[in-house]
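Colleague: I have a few quick questions about this model. Can we go through them one by one?

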Amino acid sequence: MSDQTPGAKAPEPVFTLPWHGQVFALTVSLNEAGHFAWSEWTARFSQTLARHGLEKELDGGDDYFNAWLETLEALLADLGEAAPADVERLRDAWEAAYLSTPHGDPVHLPEGA
Amino acid sequence: MPHDHHDHDDPHALLPPDPALRVRALETLLARKGLIEPAALDEIIDTYQNRIGPRNGAQVVARAWSDPAFRAALLQDATPVVADLGFFGRQGEHVVAVENTPEVHNMVVCTLCSCYPWPLLGIPPAWYKSDAYRSRAVREPRKVLADFGVSLPEEIAVRVWDSTAEVRYLVIPRRPEGTEGMSVEDLAALVTRDSMIGTGLARAPTA
């Protein structure tokens, strides 16, 4: 199939960083499982974007997904599905796992983390 | 980008940025609670990365250009019409088609976040999600169009549609001249993503 926009440079990736796709998929999956309505999501996400937009002009890339992640974390905390302290602990456990795994090896959380 | 070059020997695995670690943490927590399936997440990413995109919307537009009955039905109530073509589901629950004419040019924005007809156009480009576009599209649409290289005669009115979680818009661009007798498939190749958002025009056929 030929490139749909001749003259354009390389086609833009849908997700520029892997975590952009992961947080997107996480949100879509939770919505479809009925944990929240999409209208609730967009209302909350709009508020986060508006708040972040007061500090600087958002570029629609990393800025956008940072706002997305912050919204999801707050929503899951409010729903009682992911307490911030638990998320923080697992985040640190993942960081420690990356730092202690030899380069090239798959990274896993240690037992009990 | 894949980490396929190394300036030096990393003693440990490359540490992802902080947000990536936080996403990993959420995934781990929710998977342990049985709220998500990692394989289902990969499936969602693959769908939007590789399978759903503006080619879907382009087929709808080309069909509307070629088939007056289809066009009429699409403009009256697009949702069931595009669903018949297999384009339905997430963020396509209520689609409204708006047609460009010699009098009106339509342009779509989501001023609050980034609502967009995923089944027809895939995931929106970064500029659609940027503050610059979201704030300027309503205020100064002609200037925004000029930034996209589109200049319209003064007599064409620009109408801006603000998407919501409930309603998503698909712009039906004007059919380019010199395309009489072209097949639906060839016509679809002229329909760009931006032309279906209203920040571009359909391409002219190459002779």
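Modeller: Helices (H or I, at least four residues) and strands (E, at least two) are DSSP runs, numbered from the N terminus. The model is predicted.

Colleague: Which residues of chain B does the UniProt domain annotation cover?
Modeller: The entry is unreviewed, and its annotation reads "domain: Nitrile hydratase alpha/Thiocyanate hydrolase gamma". The span is 50% helix and 12% strand, with its end C-alpha atoms 32 Å apart. In chain B, the annotation covers residues 19–199.

Colleague: How are helix α1 of chain A and helix α2 of chain B oriented, roughly perpendicular or roughly parallel?
Modeller: Helix α1 (residues 18–32) of chain A packs on helix α2 (residues 38–51) of chain B at about 115°, with the axes 9 Å apart. Angles of 65 to 115 degrees count as roughly perpendicular. Therefore α1(A) and α2(B) are roughly perpendicular.

Colleague: How do the residues of the contact of α1(A) with α2(B) divide into nonpolar, polar and charged?
Modeller: From α1(A), the contact includes A:A25, A:L26 and A:V28. From α2(B), it includes B:L41, B:I44 and B:I45. The residues divide into seven nonpolar, four polar and no charged.

Colleague: What percentage of the residues in chain B is buried?
Modeller: Buried takes 20 or more other C-beta atoms within 10 Å. Chain B has 207 residues. The buried share is 41%.

Conventions: Residues are numbered from 1 along each chain as its sequence is written. Chains are lettered from A and ligands numbered from 1 in the order in which they are written. This is a predicted model: local features need pLDDT of at least 70, side-chain atom pairs count only at pLDDT 80 or more; totals for chains, interfaces and linings use all residues. UniProt positions are given in the numbering used here, feature names are shortened, and annotations may be inferred rather than shown by experiment. Axes are lines fitted to C-alpha atoms, for helices over the stretch in contact, and angles run from 0 to 180 degrees between N-to-C directions. Angles under 35 degrees count as roughly parallel, over 145 as roughly antiparallel, 65 to 115 as roughly perpendicular and the rest as oblique. Two residues are in contact if their C-beta atoms, placed from the backbone, lie within 7 Å. Ala, Val, Leu, Ile, Met, Phe, Trp, Tyr, Cys and Pro count as nonpolar, Asp, Glu, Lys and Arg as charged, and the others, Gly among them, as polar. A residue is buried if 20 or more other C-beta atoms lie within 10 Å of its own, exposed if 12 or fewer, and partly exposed in between; C-beta atoms are placed from the backbone.
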